[in-house]
Amino acid sequence: MFGMMAIWAQDLGRVMGCRDGSIPWNVPADLKHFKERTRGGTVVMGRHTADTLRRPLPGRRNVVVTGRGTYRSGWTVLPDPSMVRTLDSYDPADTWCIGGAVLLDWYLREGWVDDVVVTVVELDTSVDAGGGVVYAPDLSHYPLRGAHLGPWRARSGDARWRVVTAQLQ
């Protein structure tokens, strides 16, 4: 395996969040799924994504990519996304890019992501989100293999949800 994994949630229209950093849905079962997938690993995120968190995610090594050079205590800081491989004990099989959209796009475009895990929430929030939305990467631009579309899972909070997994070629 050459690269890392990527994980995110999106609605039916590829909205993954709002420009103010909020997520326009509440699906507790998907949060549990995210925790189970990433626990014990390294999560890599951009500064805007890290800013939406009150503290580093517990049970994970939290890495923030920011050109500002410093960040809040408890975080590992990288000035450039390509430096993720320089982390002590870097293990691509246990390293997850969790967003935001700009960082996900960079890792996908540069061929650093081998596997994607995408939760699709059965909502279309693009018309409801005031202040603008942020779109998830469009995976139709990337050659995929082994794509698996999971079944719709029971409603949790605001919506039903499913997990889509795929490997990038």
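Modeller: Let us begin with G100, which sits in the loop between β6 and α3. Please bear in mind throughout that this is a predicted model.

Biologist: What kind of peptide bond joins G99 and G100?

Modeller: The general idea comes first: most residues other than glycine have a negative phi, and most peptide bonds are trans. In this structure, the bond between G99 and G100 is cis, with omega about 0 degrees.

Biologist: Which residues other than glycine have a positive phi here?

Modeller: R14 is one of them, with a phi of about 75 degrees. R14 lies in the loop between β1 and β2, and S89, with a phi near 50 degrees, also has a positive value. The loop that holds S89 runs between β5 (76-78) and β6.

Biologist: How should I read the pairing of strands, for instance around β11?

Modeller: One looks at which strands are joined by bridges and in which sense they run. Strand β7 (residues 113-121) pairs with strand β11 (residues 159-168) in the antiparallel sense, over seven bridges. Within that pairing, V121 is opposite W161 of β11. Strand β9 (residues 144-149) is also antiparallel to β11, and four bridges join the two. Here L149 has V164 as its bridge partner in β11, and R145 is opposite Q167 in β11.

Biologist: How many residues of β9 are buried?

Modeller: The number buried is zero among the six residues of β9, so this strand lies largely in the open.

Biologist: How does strand β10 pair with β11?

Modeller: Strand β10 (residues 153-156) pairs with β11 in the antiparallel sense, over two bridges. R153 stands opposite W161 in β11. The hairpin of β10 and β11 has two residues between the strands, and G157 in this hairpin takes a positive phi near 65 degrees.

Biologist: What does N26 contact, leaving aside its neighbours within four places in sequence?

Modeller: N26 is in contact with S156, G157 and D158. Positions that lie apart in sequence can be compared in space: N26 and D158 are 132 residues apart along the chain, yet their C-alpha atoms are 5.5 Å apart. N26 itself is in the loop between β2 and α1. Its relative accessibility is 40%, so N26 counts as partly exposed.

Biologist: How should I read the nonpolar interior?

Modeller: In soluble globular proteins, nonpolar side chains tend to be buried together. In this model, the largest nonpolar core has 27 residues, and those with the most contacts inside it are M4, W8, V84, Y107, L108, V113 and V116. Two or more residues of this core come from each of β1, β4 (61-65), α3, β7 and β11. The element that gives the most to this core is α3, with five residues. Apart from this core there is another, of 20 residues, among them A9, W25, L57 and V64.

Biologist: Which residues does M4 touch, not counting those up to four places away in sequence?

Modeller: The residues touched by M4 include V84, Y90, P92, T95, C97 and Y107. W112, V113, D114 and D115 are also among them.

Note on methods. Residues numbered from 1 in each chain as written. Predicted model: local features only at pLDDT ≥ 70, side-chain atom pairs only at ≥ 80, totals over all residues. Heavy atoms only, no water. Pairing = 2+ DSSP bridges. Core = buried A, V, L, I, M, F, W, Y, C linked by side-chain atoms within 4.5 Å. Buried < 20%, exposed > 50% of the residue type's maximum accessible area, 1.4 Å probe, protein only. Contact = heavy atoms within 4.5 Å.
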